[in-house]
Amino acid sequence: MSHESDVQAQFSTRVPIYDRRSAWILDAGITGAMVEAAAPRGDETMLDVCCGTGAVGAAFAGKVRRRVGVDLTPGMLDAARPRLDHAHRRWRGQRLPRMQV
């Protein structure tokens with residue numbers, strides 16, 4: 001089994017419980033601090049690598065022009081799509097989506 005397959009297998013089983021078990025990603029204080037540290041001007045594209053369920057990207061809603069998530073696990077991307085503007089499956093050796101910044 002490849003490393004990519006191992007990661008997909010591990011995180012595919014966690015999709016239904018990910019936000020609950022990784023509660024920090026829903027903590028408004030933590031995500032608010034991330035947004036504040038990024039200091040978005042509103043015209044940027046936010047790239048969330050290993051986006052999981054898209055919870056961090058959701059914190060940037062209305063604060064950036066576009067939120068793009070990248071994750072290896074298809075189930076995570078399915079969960080992330082409602083929270084992000086774009087969600088892509090990419091892994092080692094593939095290029096990230098081309099973005100104008």
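How many helices and strands does the secondary structure of the protein chain come to? Colour the chain by secondary structure and you will find five helices and three strands (DSSP runs, H or I of at least four residues for helices and E of at least two for strands, numbered from the N terminus). Following the sequence, the pattern reads α-α-α-β-α-β-α-β.

Before going on, note that this is a predicted model, where local features need pLDDT of at least 70, side-chain atom pairs count only at pLDDT 80 or more, and totals for chains, interfaces and linings use all residues. Residues are numbered from 1 along each chain as its sequence is written, and side-chain values use heavy atoms, leaving out hydrogens and water.

Next, show the whole chain.

Now select helix H1, residues 3–12, and pick out its buried residues: Glu4, Val7 and Gln8. They sit on the same side of H1 because they cover an arc of only 95 degrees around the axis (taken from the directions from the helix axis to the C-beta atoms). An α-helix has 3.6 residues a turn, so residues three or four places apart point the same way.

For the last stop, go to helix H3, residues 28–38, and click glycine 32. This glycine 32 is partly exposed, at a relative accessible area of 32%. Then draw a distance from its C-alpha atom to that of phenylalanine 60, 28 residues apart along the chain: the separation is 8.9 Å.

Technical notes. Buried means under 20% relative accessible area, exposed over 50%, partly exposed in between (1.4 Å probe, protein chains only).
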